[in-house]
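Biologist: Please show me the protein, and then let us discuss it step by step.

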Amino acid sequence: MEKLRLAIIGTGGISNSHVRAYKQMEDVEIVAGADIIPGKAREALDRWEFPEAKAYEDTEKMLSEVKPDAVSVCTYNTAHAVCAAAAMKAGAHVLLEKPMTVTLEDAQMLRRVEKETGKILTIGFQPRYDDRMKRIKEVVQSGRLGDVYYVQTGGGRRRGIPGSTFIEERYAGVGALADIGCYSLDMVLNALGYPKPLTVSAVSFDHFGRNPKYTPPEDAARFSVDDFCGAFIRLETGAVLDFRMSWAMHMDTTGSTIFLGTDAGLKVEPANPESLWGGAWDGSCGNVTLFHDEFGTPTHTPIPLPAPRGDKLDCFYHKCRSFVDAVKTGGKAPIPTSEIIYNQAIIDGIIRSCKCGHEVEVHIEEI
């Protein structure tokens, strides 16, 4: 069996989930790892039990010397674009962790490199592989709701600021918005068929992250991103998207996700609402209910759902497996940039709107 030679770029936290998935695949060989922190890649490779794999502190040197077939890019957000572009230019296919980038400009650059090199670039939204999340899209796409004119999504954590590089703008770019907010955006946009965003009006706050009452003093001192974000997005279909996401707040949730249609409505409840870290849409979901009229009377019907997987690593496995299969068969990107560019455009619009204090238009380059 010919093995896919794969390298890991960025050997921090999220890379562990990628490697756990790849280790279950007999047709994948981890050949190298790169991390800018001296010794970190070597430590990770040894811990993962890949003593023969080569460790690097320079990503481009690793790509040049090892020439992997494919890479997982697991760096902090602001390094996503440069590492993914370098990998594709070096001849490697790329599984890029979410968010795609921080800015729309960087995302469009990646799409140009993707087109120029002909390499696969897929974005790592593992909830796409959850059976319950698939059911949401199935219901929305069935037409049962009629014309969807309003969507609300959010959820958010009561307490759940992650720390590390997530809380500094120079590394993360933004906070809760990109870390977990991109998941809720993908959930609803994917269900709708990824309509193009037209305008964004947004606000963001950092009341918890900067406050030593809620955040360790050493983290509060360097906190420079959002811990709460909300936005109102107009879509090309005429629908509007009401978005909100939180790392920390004095509330259990900012609400269920709802789709309002001319014929019916769909309510999607967050998973694990009792958990301080629950409700972020980064895995599965809770109950799903259809609100509709029957014989002229308003009623509601629970949507039958598959049993929860119980372990997000299952979804991680399918995320990585679908990438490997696409590379080995010459297939298409499982989660293509042609969709996620709209997710990124919304994030970029939110950043710009928060900075200028008013609504902004969204302009996406044709690639």
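The questions and answers below concern strands and cysteines.

Biologist: Is strand 1 mostly covered or mostly uncovered, and how many of its six residues are buried?

Modeller: This is a predicted model, and the answer is computed from it. Strand 1 spans residues 4–9 and is mostly covered. Of its six residues, the number buried is five.

Biologist: Which residue of strand 2 stands opposite Leu6?

Modeller: Strand 2 covers residues 28–34 and runs parallel to strand 1, with six bridges joining the two. Strand 1, helix 1 (residues 15–22) and strand 2 together make a right-handed β-α-β unit. In strand 2, the residue opposite Leu6 is Ile30.

Biologist: Which residue of strand 4 stands opposite Leu6?

Modeller: Strand 4, residues 70–73, is also joined to strand 1, by four bridges, and the two run parallel. The residue of strand 4 that stands opposite Leu6 is Ala70.

Biologist: How many disulfides does the count give?

Modeller: A disulfide requires two cysteine sulfur atoms within 2.5 Å. The cysteine sulfur closest to that of Cys229 belongs to Cys354 and lies 4.8 Å away, so the two are too far apart for a bond. Cys354 is likewise in no disulfide, as its nearest cysteine sulfur is that of Cys229. The count of disulfides is zero.

Biologist: Why does Cys229 count as buried, and what does Cys354 count as?

Modeller: Buried means under 20% relative accessible area, and exposed means over 50%. Cys229 has 1% relative accessibility and therefore counts as buried. Cys354 has 27% relative accessibility, so Cys354 counts as partly exposed.

Conventions. Residues are numbered from 1 along each chain as its sequence is written. This is a predicted model: local features need pLDDT of at least 70, side-chain atom pairs count only at pLDDT 80 or more; totals for chains, interfaces and linings use all residues. Side-chain values use heavy atoms; hydrogens and water are left out. Buried means under 20% relative accessible area, exposed over 50%, partly exposed in between (1.4 Å probe, protein chains only). Two strands pair if DSSP finds at least two bridges between them. A crossover is right-handed if, with the strands pointing away from the viewer, the path from the first strand over the helix to the second runs clockwise.
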